[in-house]
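Okay, thanks for coming, everyone. I've got one structure for today and a few things to point out, so let me put it up on the screen.

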Amino acid sequence: MDSFYLYSGSRFEGKQGNGKASYPVIIELKTVDLVHSRFTGYLHISGLTQEYPQLTTYFDGEIIGKHFSFVTNKWDATESVDLEYWSQFPEFHEIAHRWKIANSDDFDDKDHLFMRWKEDFLVPDHRVTSIVGASFAGFYYMKYSKSNGMFSGYYYHPKMIDKLQPLELRYVRERCSATFEFC
């Protein structure tokens, strides 16, 4: 699985919308385990609430394939919700007729990966369980493009008023310079 942009420390920037407004988002991947189809990271979003103008959450990611199926079976998502959200991605239509049994072989030669991201807690205070004007109780249905390092997806929460809140992210190249010291 060629995933050049998926590595510990990689960053992605973009925006999330809710029908009324759009908010800047930065994703920092902390761990990436492609063998077990898992990764973790931080999601930073700005301007969503007045109480917390800068929100950071820790999230777990699952890559659909060998270890995780398209059927969520958790987080209040039904199979009909799964199908509704996955169907937002044109690339999903190639395998929609057998979406419940798709596996990693279906994606090895494709440019895209499908995934779910579940925000687990607020950083730095993991004891905060709710915030007025924001939710991290739901999860994201995501698609990743291997060739250009772009994520696109939708936030889902069963009590959301604005369905299909889009999230678009682009890989940010590292800006670093080497320092040498000669003795």
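So, the aromatics: ring pairs link Tyr-5, Tyr-7, Phe-12, Phe-39, Phe-59, Trp-117, Tyr-140, Tyr-144, Phe-151, Tyr-155 and Tyr-171 into a cluster. Bear in mind that this is a predicted model. The count of aromatic pairs, taking rings of Phe, Tyr and Trp with centres within 6.5 Å, comes to 28.

Let me zoom in on one of those pairs, Phe-12 with Tyr-171. The ring centres sit 5.7 Å apart and the planes make an angle of 65 degrees, so we call the pair edge-to-face; the cut-off for that label is over 60 degrees. Where do Phe-12 and Tyr-171 lie? Phe-12 is in strand 1, residues 11–17, while Tyr-171 is in strand 8, residues 165–172, so the pair ties together parts that are 159 residues apart in sequence. And are the two residues buried or exposed? Phe-12 is buried, at 0% relative accessibility, and Tyr-171 is buried too, with a relative accessible area of 12%.

Now, the strands behind that pair. Strand 1 and strand 8 pair with each other, antiparallel, over six bridges. Zoom out, and you get eight strands closing into a barrel in the order 1-2-3-4-5-6-7-8, with antiparallel pairing. On average, neighbouring strands of this sheet are turned by 30 degrees against each other, if you ignore direction.

Next stop, strand 5 and strand 6. Strand 5 covers residues 112–122, strand 6 covers residues 139–145, and seven bridges join the two in an antiparallel arrangement. Lys-118 has Phe-139 in strand 6 as its bridge partner.

Ala-137 comes out as partly exposed, with a relative accessible area of 48%. What does Ala-137 touch, not counting residues up to four places away in sequence? Lys-118, Tyr-155 and His-157. The C-alpha atoms of Ala-137 and Lys-118 are separated by 8.2 Å, and the two residues are 19 apart along the chain.

Okay, helix 1. This one runs over residues 79–86 and lies across strand 5, strand 6 and strand 7, at about 35 degrees to strand 6. Which residues of helix 1 are buried? Val-81, Asp-82, Tyr-85 and Trp-86. They cover an arc of only 120 degrees around the axis, so they end up on the same side of helix 1. As for what they face, the buried residues of helix 1 pack against strand 5, strand 6 and strand 7.

Last one, another loop residue. Ser-37 lies in the loop between strand 2, residues 22–33, and strand 3, residues 38–46. At 5% relative accessibility, Ser-37 counts as buried. Leaving aside residues up to four places away in sequence, Ser-37 touches Gly-61, Glu-62, Ile-63, His-67 and Phe-68.

That's it from me, thanks.

Notes. Residues numbered from 1 in each chain as written. Predicted model: local features only at pLDDT ≥ 70, side-chain atom pairs only at ≥ 80, totals over all residues. Heavy atoms only, no water. Phe/Tyr/Trp six-rings, centres within 6.5 Å; stacked < 30°, edge-to-face > 60°. Helix = DSSP H or I, 4+ residues; strand = E, 2+ residues; numbered from the N terminus. Buried < 20%, exposed > 50% of the residue type's maximum accessible area, 1.4 Å probe, protein only. Pairing = 2+ DSSP bridges. Axes fitted to C-alpha atoms, helices over the stretch in contact; angles between N-to-C directions. Contact = heavy atoms within 4.5 Å. Arc of directions from axis to C-beta.
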